[in-house]
Amino acid sequence: MSCARIIRRAFQINRVLRDRQDPLAQRESVIVERYRFSREGVIYIINLLEPHIKCSTRRSRALTTAQTVCIALRFFASGTFLYTIGDGENLVKSAVCRAIRKVYLALKQFLGVFLVFPSHLRPQVAKQNFFAIAGFPNVIGAIDCTHIPIKAPPGPNEGDFVNRKGVHSVNVWCVTLFHITNVEAKWPGSVHDSRIFRGLTKLHFSIIQGILMGSCLETGYACRQYFMTPFPDPNPGPQTRYNAALARTRAHIEMTFGQLKERFQCLKSLRAAPDRACDIIVACAILHNIATIRKERIPVVGVQPDDDLQPVHLDQPSGRAARDRIVEHHF
């Protein structure tokens, strides 16, 4: 035997083939990087969704629940092409598409479980948490919209999805309180934030206002009467301090958007029809809350650009009166 062959054998590493029936048969770091959840987190999601997505038969080598969930999580985390995920799992593109669809439709059924307004926390605790940011009183939630880019949809309504930056998108409305407490993903990118806000009053604010008034709150970000806006031309002193505290408190929701898009890279550009894109956005919001509740690894977020070039102006007389009271008593 030649010396070269002896040396090659000495350095040879035996290959260990991973069992494709068990997508979690890999290192913890690989699981977190690939699925954005720890092994225990992925198992929790598998157990949560199994009654809704489990195949009743193993004919034709049907995917297991674990495989189906991991395929969807891999797509949400990477946003890569479906055939790329299929190549990694030895599946055709159509099988990957069906698996992802099963998972995001199953997750939507838990919308009222993991996204609850005002929160699972008591209002007093929520107010204390927000007050600790910048001293802004009586806040139980922050409202804002963010644009999720999508591919140009065919048909006569294509222009409705072009936003101010010339990108096709869905405008997503959210309420956050250190996690997402409400989400609306159905508005085309051309719709302004204030239009969404006015449209939601008919559906949500009668309930939300009852919660706020029942809690004796003076201000918040949840209905027009309690919608706090900055002073357009603040005077030096209390009004300037009020605007600074409002900006620092509001920055929390921008950070939430950044973490959501960084955790689930598919939200940076969804190659899906608008209706499917909206379902995926809601599913990612639910998964984000699950990750927050389970204290999964928080993604590193850089400075987030402002999606809205024209701020919302819904300054109502009652809102201005509440703002003046806050400035008088707190700033």
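I looked up the sheet and found three strands in the order β1-β2-β3, forming an open sheet with antiparallel pairing; strands pair if DSSP finds at least two bridges between them. I took helices (H or I, at least four residues) and strands (E, at least two) as DSSP runs, numbered from the N terminus. β1 (142-149) and β3 (180-188) are the edge strands, each with a single partner strand, so one side of each has no neighbour in the sheet. On average, neighbouring strands are turned by 25° against each other, direction ignored.

The model is predicted: local features need pLDDT of at least 70, side-chain atom pairs count only at pLDDT 80 or more, and totals for chains, interfaces and linings use all residues. Residues are numbered from 1 along each chain as its sequence is written, and side-chain values use heavy atoms, with hydrogens and water left out.

I then checked the pairing of β1 with β2 (residues 169-176), which is antiparallel over eight bridges. P149 has S169 in β2 as its bridge partner.

Next I looked up H52, which is found in helix α3 (residues 39-53). H52 counts as partly exposed because its relative accessibility is 38% (partly exposed lies between buried, under 20% relative accessible area, and exposed, over 50%; 1.4 Å probe, protein chains only).

Beyond its neighbours within four places in sequence, H52 is in contact with A106, Q109 and F110 (contact: heavy atoms within 4.5 Å). I noted that H52 and A106 are 54 residues apart in sequence, yet 6.0 Å apart C-alpha to C-alpha.

How values were computed. Axes are lines fitted to C-alpha atoms, for helices over the stretch in contact, and angles run from 0 to 180 degrees between N-to-C directions.
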